[in-house]
Amino acid sequence: MVIGIKHSLMTPNIENDPGSKPLENGVTRREFVTRLGATAALMAGSVIAARELWQPHHFVPGFEKQTGLQLPSFALEKNKMLPSMAIAHGAEHEPTMRAAIGALGGMGRFIQRGDVVMIKPNVAFDRPPALAATTHPDALRAVAKMVLEAGASRVIVADNPINSPTGCFLKSGLTAVASEMNLDLMYPELSRFSPLELNGEILKNWTFFHEPFKKANKVIGLSPCKDHNLCHASMTMKNWYGLLGGRRNQFHQHIHSIVSDFPLMMKPTLVILDGMNVLMSNGPTGGRLSDVKKMNTIVAGTDMVAVDSYGYTHLMERNLDELTYIHKAADRKLGDSNWKDSSYKEVQV
Amino acid sequence: MINPRQLLTLRNTRRVAQVFFFGLFLFFVFVTDLRYLKGYPASLFLEMDPLVAFATAITRHTIYMGLIWSLLLVLPTLLFGRIFCNWICPYGILHHFTGWLMGKGRAEERERIESNRYKKLYGLKYVILIAMIAAAVGGTLQIGWLDPICLFHRTMTTAILPAINLFFPSSVYVQQYFHVGAWAIGFLLFILVGMNVVIPRFFCRVLCPLGAFLGTLSTAALWRIDRDVTKCVDCDLCLKNCEGASDPQAQLRKSECFVCFNCIEDCPEDALSFKFLPKLQNEITKPAVPARRAVLGTLIGLAFYAFGRASGASGRNYDKKVIRPPGSLEEKDFLAACIKCDQCIRACPTNVLQPAGMESGIEGIWTPILNMKIGFCEVNCTICSQVCPTGAIQRITIEEKTGTGSFAQEGPIKLGTAFFDHGRCLPWSMETPCVVCEEVCPVSPKAIYSHEVTITKRDGNTMTLRRPFVDPALCIGCGICEHECPVTDEAAIRVTAIGETRSRERRLLMDGGVTSAVRDLEKRER
C-alpha cells in the first residue's frame with residue numbers, strides 16, 4: 001500500500017547500544033543514519049524509476065509496426081506411390097469415410113503413434129446436423145475413430161464460429177461426439193489467439209486461433225460442402241476462415257483474395273470434404289431441409305484446391321470458371337484446380 | 001516608517017511565491033491558444049504534478065515526455081514535505097485566498113483556532129487516493145476528477161473563460177466558445193470554494209488526492225516543524241493560521257502540514273522551528289488511515305474499474321460519438337492515460353473538442369470528444385496533441401496526421417467516417433442543389449464527390465443537380481462536412497467513430513483495401 005514509510009529504527013533508546021547515543025538534536029546516531037538513508041534512497045529511487053520509465057518520444061497510435069507468428073507446415077512429404085486424392089461413394093458416414101482414407105493408403109499414412117491431431121470442423125452456425133450447415137457429428141466421429149486407431153495420443157477439436165461458440169458446438173452435435181470420444185474441445189477464448197503474419201494477397205497480419213497449434217503436430221480439415229452467398233461455395237479451403245478472429249466481417253470486402261490466401265496460411269496434413277449431404281442453396285446458413293441434397297460422397301486429399309475443384313463441379317454441380325478463389329490459388333501454385341490432373345482414386349462402398 | 005527588514009518574513013516570502021505561481025498558472029491558461037502558445041510550456045503545472053506521473057506510470061508503464069518534470073516536486077517534498085500545497089499549487093492558493101476572504105480568516109481568534117484543529121474527516125483524502133490508485137491498477141485513470149491541477153485547468157477551460165468571454169465579448173475568444181456540460185463543472189467550483197465557509201481549506205484538507213500523495217511522501221521529509229516543549233505554554237496560537245490543520249500545538253501531523261510557516265510566525269514563545277531531522281517522538285508521522293478504510297478504498301477503486309469496463313462503453317458497445325482527437329491512443333489505452341485536464345479542449349482552435357458526458361462510459365466523463373455541430377478538426381493542426389501532458393493524445397506531427405512526407409506509406413490518421421443521411425440531404429431528397437460538403441472536404445482527392453443527375457421534380461419539370469457520395473478510403477473524419485451542412489440541427493452528413501485508425505478493431509475497410517479513387521491516386525503518383 002502506498003501509505004506510510006516505516007521508520008523501524010526510530011524507536012526509543014537502548015542505553016548500552018553504541019548506535020543509540022543521542023546526538024545534539026536528541027536523535028540517536030542510528031536513527032539519524034536510518035532516516036537520512038531512507039530519504040536518500042527514496043529520492044534516488046524516484047529519479048531512477050522516472051528515468052527508467054521515461055518515454056521521451058511520441059508514437060502514432062494505430063500505426064505501430066505489426067509482427068506475428070508464422071505457422072509451420074503440417075503437410076507430409078509428397079508420396080508418389082499413393083494417390084493424393086480419394087473419392088468414395090457410400091450410404092453411411094463411417095464406411096464411406098474409411099473407404100476414402102483407405103484409398104489414400106489408410107490413416108497410418110498420415111497419423112503416427114503419439115501424434116497430437118487437430119481436427120478443424122466447420123461449426124460456423126448454430127444449426128442442427130440435418131441442415132448441413134456444419135460438420136456432421138458422424139463425420140467427426142468417424143475421423144476421430146480412425147485417428148485414434150492410428151495411435152494419436154490426443155485429438156483437439158477447435159473452431160471460431162460466427163454464432164455463439166457454445167451453442168454452435170452443442171447444437172451441431174459436436175459437443176456430444178467430443179465428450180463421447182474424449183476429444184479435447186477448444187472454445188475460441190480471446191487468450192487463445194495470437195497475431196499471425198502472412199504474405200498473402202490481402203491477408204498480412206491477423207489475429208489467429210493459435211492455441212490448438214501450440215500442441216498439435218498434425219492438422220485435418222473436416223468441412224461440409226456448402227453453398228455460399230458471396231463466394232459461391234464453402235468447402236475445405238474456406239473452412240480455415242474459422243481459425244481467424246477479430247473483424248472477420250471485413251473479409252467480405254475481398255473474399256476471393258482472402259480464401260485464396262488460406263492455402264498459403266495453412267498447410268494441413270489432410271483435408272476431408274464431407275459430401276454426404278450437400279447444402280445446395282441459401283448458404284452458408286441454410287435453414288430448410290429442401291436446401292440439402294444427398295450426394296453420398298466423401299472426398300479426401302492432401303491438396304485442398306483439387307478437393308474443392310471436385311466438390312464444386314461434382315457435388316455442388318456448378319461451373320468451376322465462376323469460382324474465382326480457386327483460380328487465384330492455382331495461379332499462385334498453391335494447389336491444382338484441375339483435380340483430374342492429380343493422382344486420384346475413386347471407390348464405391 | 002516600516003523597516004524593510006521586517007517585511008522580509010517567511011510569511012511574506014510565501015505570499016510572493018503564491019502570487020507568482022498563481023499568476024504563472026493563469027498565464028499558462030491564457031496562452032493555451034493558437035494565437036499565443038508559441039513555445040510556452042502551457043501544461044507545465046500538469047507535467048510537474050507527481051500524482052499524474054505516478055498514476056500514468058501505473059496505467060501505462062511509462063512516464064510520458066514532460067511528466068519527467070514531476071521530479072521537481074517529488075524531490076523537494078521528500079526533503080521538506082508538502083511545500084507544494086501552500087507555496088505553488090494554484091488551486092490551493094485559490095482556496096487559501098477565498099477561505100481568508102469569506103470567513104474563517106476574519107473570525108474571532110478562538111473560533112479560528114478551533115477551525116484549524118485536525119479532524120478525523122481529513123483522513124478521507126487518503127481513502128480517495130487509495131481508490132484512485134486501485135482503479136489505476138485495474139487500468140482506468142480517474143485521478144482527474146479531483147487532482148487539483150486537472151480540476152482547476154478543466155474549470156478554467158470549460159466554465160470560467162467562456163463565462164468571462166460572455167460578459168466581456170472577444171476578451172478571451174474571437175467567437176464565443178461552448179462546452180457541453182460546462183454548468184456542472186462551473187457549479188462544482190462554487191461548491192468546493194463555498195465549502196471554505198464551513199471548513200477552511202475544505203478541498204485541500206478533505207478531498208485532495210494530490211495532497212494525500214504528497215502527504216504520504218512527506219512522511220520521509222528531513223526538515224519538519226519541531227515544537228520545543230520546554231518553551232511551549234500551550235496557548236494554541238499556532239493554530240490560528242494553520243493551513244493544513246496539522247496540530248503543531250500538540251503532536252505534529254507531518255503528512256497534513258502544508259509548510260506554510262504561519263505557526264512559526266504566530267508563536268509568541270519562539271517554541272516552533274523548522275528543523276533538520278528533529279525527534280519524531282512528538283509527532284504522528286504516518287497519515288491516519290484505518291486499515292479497514294484503506295481496504296474499502298481499494299475495493300471501491302477496483303469496483304469502479306470493473307463496473308465501468310463491464311458496462312461495455314470501451315468495448316463492443318462503444319458509442320459512435322466517441323470521436324477522439326487526432327493522435328489519441330486506442331480507447332482502452334486512452335482511458336488509461338487521459339486525466340480530464342481538458343488542456344486539449346482549451347487549445348482547440350475550432351471549439352470542436354468537448355468534455356464528454358456519458359458517451360464513453362462512466363470512465364470517460366470529461367475526456368475530450370469531437371462535436372462537429374460546434375466545430376471541426378482542422379487538417380493542418382495538431383495543437384491538442386502538443387499540450388496533452390500524458391500522451392493520451394500523442395505529440396504527432398502534421399506529416400503524421402495527414403499521411404504526407406515520410407508518413408505517406410502509412411496514410412492519414414482518420415478520426416472516423418462520414419455518412420450521408422439521404423432523407424435530410426437537399427439534393428438527395430428535396431430537389432435542391434447543395435454539395436457544400438464536397439466544397440469544404442479538405443483532402444485531395446476529395447473524399448466527397450458528386451454525380452450529376454437529372455431528376456423529374458414534383459411539378460413534372462426536370463432539373464439537373466449534383467448528388468454527393470463519400471469515399472470511405474479517403475475520408476479522414478474531420479467533420480467539416482457535418483459542420484458546414486446547411487441542415488444545422490442534425491446534419492445530412494455526419495461523422496461517426498467507425499473507421500478511426502487509432503484502433504485496428506474499429507477500422508471500416510480491411511487493410512490493403514482500396515477504392516477506385518485510391519487506385520487513381522496511386523496511378524497518378526507513379
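## Interface between the chains

In this predicted model, 46 residues of chain B are in contact with 38 residues of chain A, contact being defined as C-beta atoms, placed from the backbone, within 7 Å. Strand S1 (63-64), helix H5 (71-80) and helix H9 (124-138) of chain B each supply at least two residues of the side that touches chain A; H5(B) gives the most, with four residues. Helices (H or I, at least four residues) and strands (E, at least two) are DSSP runs, numbered from the N terminus.

That side of chain B divides into 23 nonpolar, 13 polar and ten charged residues. Ala, Val, Leu, Ile, Met, Phe, Trp, Tyr, Cys and Pro count as nonpolar, Asp, Glu, Lys and Arg as charged, and the others, including Gly, as polar.

## Strand pairing

Strand S1 (residues 54-55) of chain A pairs with S1(B) in the parallel sense over two bridges; pairing requires at least two DSSP bridges. A:Gln55 has B:Tyr64 of S1(B) as its bridge partner.

## Helix packing in chain A

The axes of H3 (residues 137-149) and H5 (residues 174-181) of chain A come within 9 Å and cross at roughly 25°. H3(A) is therefore roughly parallel to H5(A) (angles under 35 degrees). The contact involves A:Pro137, A:Leu140, A:Arg141 and A:Ala144 of H3(A), with A:Leu174, A:Ala176, A:Val177 and A:Met181 of H5(A). By class, these comprise seven nonpolar, no polar and one charged residues.

## Basis of the description

Residues are numbered from 1 along each chain as its sequence is written, and chains are lettered from A and ligands numbered from 1 in the order written. Local features need pLDDT of at least 70, side-chain atom pairs count only at pLDDT 80 or more, and totals for chains, interfaces and linings use all residues.

Technical notes:
Axes are lines fitted to C-alpha atoms, for helices over the stretch in contact, and angles run from 0 to 180 degrees between N-to-C directions. Angles under 35 degrees count as roughly parallel, over 145 as roughly antiparallel, 65 to 115 as roughly perpendicular and the rest as oblique. Two residues are in contact if their C-beta atoms, placed from the backbone, lie within 7 Å.
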